[in-house]
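Trainee: I have a model open and would like to talk it through with you. Can we start as soon as it is on the screen?

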Amino acid sequence: MNDDEKGKQFLELIDEQHNLQWGIITKLSSLIRSGWNSTELQNELKDLVEKHSKITKDLNSLDNNSIL
């Protein structure tokens, strides 16, 4: 993968991570309003956090390969 492709991938991952962060905040706020009683919101939040963790690992992997 050349530097342009790596840079594009990096920006796409950052954008996706940003969107997930807003989703996490939204779900967390809803869960708090529900009194922490919504299993559905808990599961949705868990899924978002797992996706965020994967993207963070992917970003760290790009950083470890010194493309930044």
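Trainee: Is Trp36 buried, partly exposed or exposed?

Mentor: Trp36 is partly exposed, with a relative accessible area of 48%; buried means under 20%, exposed over 50%, and partly exposed in between, using a 1.4 Å probe and protein chains only. Bear in mind that this is a predicted model, where local features need pLDDT of at least 70, side-chain atom pairs count only at pLDDT 80 or more, and totals for chains, interfaces and linings use all residues. Residues are numbered from 1 along each chain as its sequence is written, and side-chain values use heavy atoms, with hydrogens and water left out.

Trainee: Where is Trp36 found?

Mentor: Trp36 sits in the loop between α1 (3-33) and α2 (39-64), where helices are DSSP runs of H or I with at least four residues, numbered from the N terminus. Its phi is positive, at about 65°, although Trp36 is not a glycine. Most residues other than glycine have a negative phi.

Trainee: New topic: how many salt bridges are there?

Mentor: The count comes to two salt bridges, each defined as a side-chain nitrogen of Lys or Arg within 4 Å of a carboxyl oxygen of Asp or Glu. In one of them, Glu44 pairs with Lys27, the closest N and O atoms being 2.6 Å apart. That pair links distant parts of the chain, with Glu44 in helix α2 and Lys27 in helix α1, 17 residues apart.

Trainee: And what about Lys54 and Asp58?

Mentor: Their side chains meet in a salt bridge at 2.9 Å, N to O, and both Lys54 and Asp58 lie in helix α2, four residues apart, about one turn of the helix. Asp58 counts as partly exposed at 26% relative accessibility.

Terms used:
Helix = DSSP H or I, 4+ residues; strand = E, 2+ residues; numbered from the N terminus.
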